[in-house]
Amino acid sequence: MRGIADWRLRIADWTHAFRIRNPKSAICNCLLFSLAACGHSDGPHVTVTIPSGATLDAAVDSLASSGVIGHPGPFRLYAKLRGLGGSLKSGVYLLRQDESWADVVAAVERGRGVEQRFIVREGLRLAEVAEVAQQELGIPRDSFLAAAQDAALLAGLGLPAGATSAEGYLFPTTYLLPLHIGARELAQVMTHQFIGQWTPEWQARLDSLHLSRHELVTLASIIEAEARYGPDRPFISAVYQNRLQRRMRLEADPTVSYAYGRRLKRVWEKNLAVRSAYNTYLHAGLPPGPIGQPGRASLVAALYPADVPFLYFVAQPDGKHIFSATYAEHEAAIQRVKQMQRAARASRRQGR
């Protein structure tokens, strides 16, 4: 594309040539035709945000700073000739760098290419992801659940024959999605995001752990559900892997909650008898599958547990855990936590 100075000379030449012999509409049509050809459509994709109520100048600045247009001055003239000033559609756009000006104007005038943000937090269960998809994207809950249980989707993930859903493989992150995305497309995008996280190094690491990928993701989902303080993750991982190696039951409260099909505010003694393959108080080893969507930090913790002898842990009121190697140490830690809880309650009463 020519430089800005060249464009100004060309515009002046066109105006002079058509000033006498052509009406204003002919000049505008000539300029529109020539300027519309600027740019091309094979550059890399970038996201551009046009806020609600943005002026044309503000939109042009955003497009220029993202590299979508190279010469904001001539583009601004072209956009005004196209009547864009009062018809901007706000939103997050997926456009190409140095895209043709005609395509850029068409996009922001009609809202073509507008994307929406979809945020999936770590630890959400499949049913909860489906609820968020319904609330945020308008995708019917049942449609997404069906898509996440589709046999072709599961086969593409390489899940074991007994797996009934993509639970654990709907990677938690912030997505930029096209408007009106369907349930099947969303499930594919999320599982592809998970696959993109998996590296050859991680695959090689599984061999030394003697775990399948499905087992690793299952373990990571339990770690995700337990962790409230990030640095605890590799130690929680170590506890569970040490217990697995010793053929001890995991006795993980989040698996009991999952067995109930709803989140329990607290797991009581009476809850530990729930009859389910996911109840790790009753059944040794890992549960049949993940109990939520683990984030990258929990996957890494499952792959690389801390080199410690711990077999137990208990959560403190601040969310951090006390880890112990023996049951006697664990009982002492429980008593310390109870003292912390009593002190916290007394402090709240005094503050009233």
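Visitor: What do the buried residues of α7 pack against?

Guide: They pack against α6 (126-137), α8 (151-157) and α9 (183-197). Packing is read from contacts, meaning heavy atoms within 4.5 Å. Before we go on, this is a predicted model, in which local features need pLDDT of at least 70, side-chain atom pairs count only at pLDDT 80 or more, and totals for chains, interfaces and linings use all residues. Residues are numbered from 1 along each chain as its sequence is written, and side-chain values use heavy atoms, with hydrogens and water left out.

Visitor: Which residues of helix α7 are buried?

Guide: A residue is buried under 20% relative accessible area, exposed over 50%, and partly exposed in between (1.4 Å probe, protein chains only). In α7 (residues 141-148), the buried ones are Phe-144, Leu-145, Ala-147 and Ala-148. Looking down the axis of α7, you find these residues within an arc of 160 degrees, so they line one face of the helix. That arc is taken from the directions from the helix axis to the C-beta atoms.

Visitor: Which residues are buried in helix α4?

Guide: Helix α4 (residues 72-81) buries Pro-74, Phe-75, Tyr-78 and Ala-79. Their arc, seen down the axis of α4, is 140 degrees, so these residues line one face of the helix. After α4 comes Gly-83, with a positive phi near 75 degrees.

Visitor: How many helices and strands does the protein chain have?

Guide: There are 15 helices and six strands. Both are DSSP runs numbered from the N terminus: helices are H or I with at least four residues, and strands are E with at least two. Of the 352 residues in the chain, 43% are buried. Take the contacts between residues at least 6 apart in sequence: 63% of them join residues at least 24 apart.

Visitor: What is the order of the strands in the open sheet of four strands?

Guide: Strands of a sheet pair through backbone hydrogen bonds, either parallel or antiparallel. Here the order is β1-β2-β3-β4, and the pairing is antiparallel. Two strands count as paired if DSSP finds at least two bridges between them. The edges belong to β1 (45-50) and β4 (174-178), each with a single partner strand, so one side of each has no neighbour in the sheet. From one strand to the next, the twist averages 40 degrees.

Visitor: How many bridges join β1 to β2?

Guide: Six bridges join these antiparallel strands, and Ile-50 stands opposite Gly-91 in β2. Moving along the sheet, β2 (residues 91-96) and β3 pair antiparallel over two bridges. In β3, Val-114 is the bridge partner of Tyr-93, and Glu-115 is that of Val-92.

Visitor: How many bridges join β3 to β4?

Guide: Five bridges link β3 (residues 114-119) to β4, again antiparallel. Gln-116 has Leu-177 in β4 as its bridge partner, while Phe-118 stands opposite Tyr-175 in β4. Helix α6 packs on the sheet, touching β3 and β4, and its direction makes about 150 degrees with that of β3. For such angles, axes are lines fitted to C-alpha atoms, for helices over the stretch in contact, and the angles run from 0 to 180 degrees between N-to-C directions.

Visitor: How many residues line the largest pocket?

Guide: On a 1 Å grid over the protein atoms alone, a pocket is an open set of points where a 1.4 Å probe fits, with protein on both sides within 12 Å along at least five of seven lines; lining residues have an atom within 4 Å of a point. The largest pocket is lined by 47 residues, and Glu-226, Asp-253, Pro-254, Val-267 and Ala-315 lie nearest its centre. Elements giving two or more residues to this lining are α11 (213-226), α12 (233-245), α13 (253-260), β5 (312-315) and α15 (327-351). The largest share, six residues, comes from α15.

Visitor: Where is Leu-311 found?

Guide: Leu-311 is in the loop between α14 (296-303) and β5. It is buried, with a relative accessible area of 10%. Arg-243 is 68 residues away along the chain, yet the C-alpha atoms of Leu-311 and Arg-243 are separated by 6.3 Å. Beyond neighbours within four places in sequence, the contacts of Leu-311 include Val-239, Met-248 and Ser-324.
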